[in-house]
Amino acid sequence: KNCRTASMIALESIAAKHNKIVKNNPLIESRIWLNCFDETESVRLAARRTWGVIHDKSDIGDDLPKPTAMYAIPLLPLLNSKDSSIATAAAKAFSHGMKAHPNTVNRNIQKLCSTYIDAFPSPGEGGEESLSGPSLPEKTATKVAPAPPKK
């Protein structure tokens, strides 16, 4: 987390002097945008300050200027991050980006669904257990009691 905060502070300093370098790079922009939604307050606040510098706004609070329409492409792989805080921040950044760019919603939902389907294990890839749920060992399976006799 400290590295991400420090990275946002460094990018803020760079953006203050060379705004176009940061603003015109979709990967850098998406990482700052991602961190604007981080659950760690120090990361989130540093990213929002940097976002404000990029967009020439001194105090943005929760009213974030929208990202470029290219925001989604670098975020998609992060939705599958093993670090749950990154995956969560990516999901929030992705959804806020779609809200800011309604004309990208259909295309990005299709990409999101495709990414999900590609990441979901298919039968025969060791994912069969996750598709049907874990099976109970035979020793612990419950036996069904016989029906009571009819009178």
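Modeller: Helices (H or I, at least four residues) and strands (E, at least two) are DSSP runs, numbered from the N terminus. By that rule the chain has eight helices and zero strands. Its pattern along the sequence is α-α-α-α-α-α-α-α.

Some ground rules. This is a predicted model: local features need pLDDT of at least 70, side-chain atom pairs count only at pLDDT 80 or more, and totals for chains, interfaces and linings use all residues. Residues are numbered from 1 along each chain as its sequence is written, and side-chain values use heavy atoms, with hydrogens and water left out.

Now the pocket. Rolling a probe the size of a water molecule over the atoms shows where empty space is left. Here a pocket is an open set of points on a 1 Å grid over the protein atoms alone, where a 1.4 Å probe fits, with protein on both sides within 12 Å along at least five of seven lines. The largest pocket holds about 160 Å³ of space. That volume is the space filled by probe spheres set on the points, which are joined across faces, edges and corners.

Lining residues have an atom within 4 Å of a point. In the largest pocket they are W33, F37, R48, D62, L64, K66, H96, K99 and A100. Helix α6 (residues 84-100) gives the largest share of this lining, three residues. By class, the lining has four nonpolar, one polar and four charged residues. Nonpolar covers Ala, Val, Leu, Ile, Met, Phe, Trp, Tyr, Cys and Pro; charged covers Asp, Glu, Lys and Arg; the others, Gly among them, are polar.

Next, the salt bridges (a side-chain nitrogen of Lys or Arg within 4 Å of a carboxyl oxygen of Asp or Glu). The whole structure has two. One joins D38 and R4, with the closest N and O atoms 2.0 Å apart. D38 lies in the loop between α3 (26-35) and α4 (41-54) and R4 in helix α1 (residues 2-17), so this pair ties together parts that are 34 residues apart in sequence. D38 counts as buried at 1% relative accessibility. R4 counts as buried too, at 17%. The cut-offs are under 20% relative accessible area for buried, over 50% for exposed, and partly exposed in between (1.4 Å probe, protein chains only).

R49 and E12 form a salt bridge at 3.6 Å, N to O. R49 sits in helix α4 and E12 in helix α1, so the pair ties together parts that are 37 residues apart in sequence. R49 is partly exposed, at 42% relative accessibility.
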